[in-house]
Amino acid sequence: MTQTTFLIISFLSLLLLFLGTGRNKKALTICIVWQTIAGTIAILHIFEEKPNLFPLMIFGTVILTFLMLKQIDRQVLNPTILLSIHILRIPVELVLYQLFLQHKIPSLMTFAGWNFDILIGLSALIILLYQISSKRKVSRHFSIIWNIIGIIFLLFIVSLAILSSPLPIQQFAFAQPNIAVLEFPYCFLPTCVVPIVLISHILLINEQKKRCG
């Protein structure tokens, strides 16, 4: 059930990015190809057998994230759909908590520990409902600050996840390291969901700056 839920989350993140960026096929193709590679390696249990290979996948993800950003036309963005991407952070956090209960990630990676990312998901839902009901957008300054805080929260949990993984640089959670991301489909968290969330934040900030101009 947890695996199915996360597959749905990953699919929705791809779909919403596609719709929110004006149905950009180039960015979608890049992401799908990369997820196919990551998923195949995870299904073959290669990351579990050789976890030191996983940082290479993360490095490739960073490069492809910036490549995807270059492929996106800033003139055809749908800010409402891009904002809705962040609502997915709520079910992501619920899945992470289930993975903690399954002894696949440490508690510090959940909302019961040091992960406050669910607050961004909840606030995104509130902002979206406000904009739909009032037919007004939140202020530019508020939106920019909110997106910056969202990026900070995202980078914070990503750092925790990396430093809790069974790698030479591990600093936390030695009793229960972060092994879930080495498995299918949870490998899509750092290779698909996180990059899409980051891309959405960057695009929304650019959109607000354009409004200021």
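Buried residues are those under 20% relative accessible area, exposed ones are over 50%, and partly exposed ones lie in between (1.4 Å probe, protein chains only). By this definition Ile151 is buried, with a relative accessible area of 16%. The structure is a predicted model, in which local features need pLDDT of at least 70, side-chain atom pairs count only at pLDDT 80 or more, and totals for chains, interfaces and linings use all residues. Residues are numbered from 1 along each chain as its sequence is written, and side-chain values use heavy atoms, with hydrogens and water left out.

Ile151 lies in helix α8. Helices are DSSP runs (H or I, at least four residues), numbered from the N terminus. Contact is defined as heavy atoms within 4.5 Å. Not counting residues up to four places away in sequence, Ile151 touches Leu198, His201 and Ile205. The C-alpha atoms of Ile151 and His201 are 6.8 Å apart in space, while the two residues are 50 apart in sequence.

Salt bridges were examined next. The criterion is a side-chain nitrogen of Lys or Arg within 4 Å of a carboxyl oxygen of Asp or Glu. Side chains of opposite charge can pair when their charged atoms come close. A search of the whole structure finds two salt bridges. One joins Asp117 to Arg89, with the closest N and O atoms 2.6 Å apart. This pair links distant parts of the chain: Asp117 sits in the loop between α6 and α7, Arg89 in helix α6, and 28 residues separate them. Asp117 is buried at a relative accessible area of 5%. Arg89 is buried as well, at 3%. Glu183 forms a salt bridge with Lys104, the closest N and O atoms being 3.0 Å apart. Glu183 counts as buried, at 14% relative accessibility.

Glu93 is found in helix α6. Glu93 is buried yet has no salt bridge. For charge, Lys and Arg count as positive and Asp and Glu as negative, while His and the chain ends are not counted. The nearest side chain of opposite charge to Glu93 is Arg89, 6.4 Å away. A polar contact of 2.7 Å joins the side chains of Glu93 and Asn115. Such a contact is a pair of N or O atoms within 3.5 Å; within protein, one must be able to donate a hydrogen and the other to accept it, and residues adjacent in sequence count only if both atoms are side-chain atoms. Leaving aside neighbours within four places in sequence, Glu93 is in contact with Met109, Phe111, Asn115, Asp117 and Ile118.

Backbone geometry shows several features. The peptide bond from Phe184 to Pro185 is cis, with omega near 5°. Pro185 is in the loop between α8 (140-163) and α9 (188-212). Arg23 is not a glycine, yet has a positive phi of about 60°. Arg23 lies in the loop between α1 (2-20) and α2 (25-43), and is exposed, with a relative accessible area of 53%. His103 also has a positive phi, near 65°. His103 lies in the loop between α6 and α7 and is exposed at 57%.

Note on methods
Helices (H or I, at least four residues) and strands (E, at least two) are DSSP runs, numbered from the N terminus.
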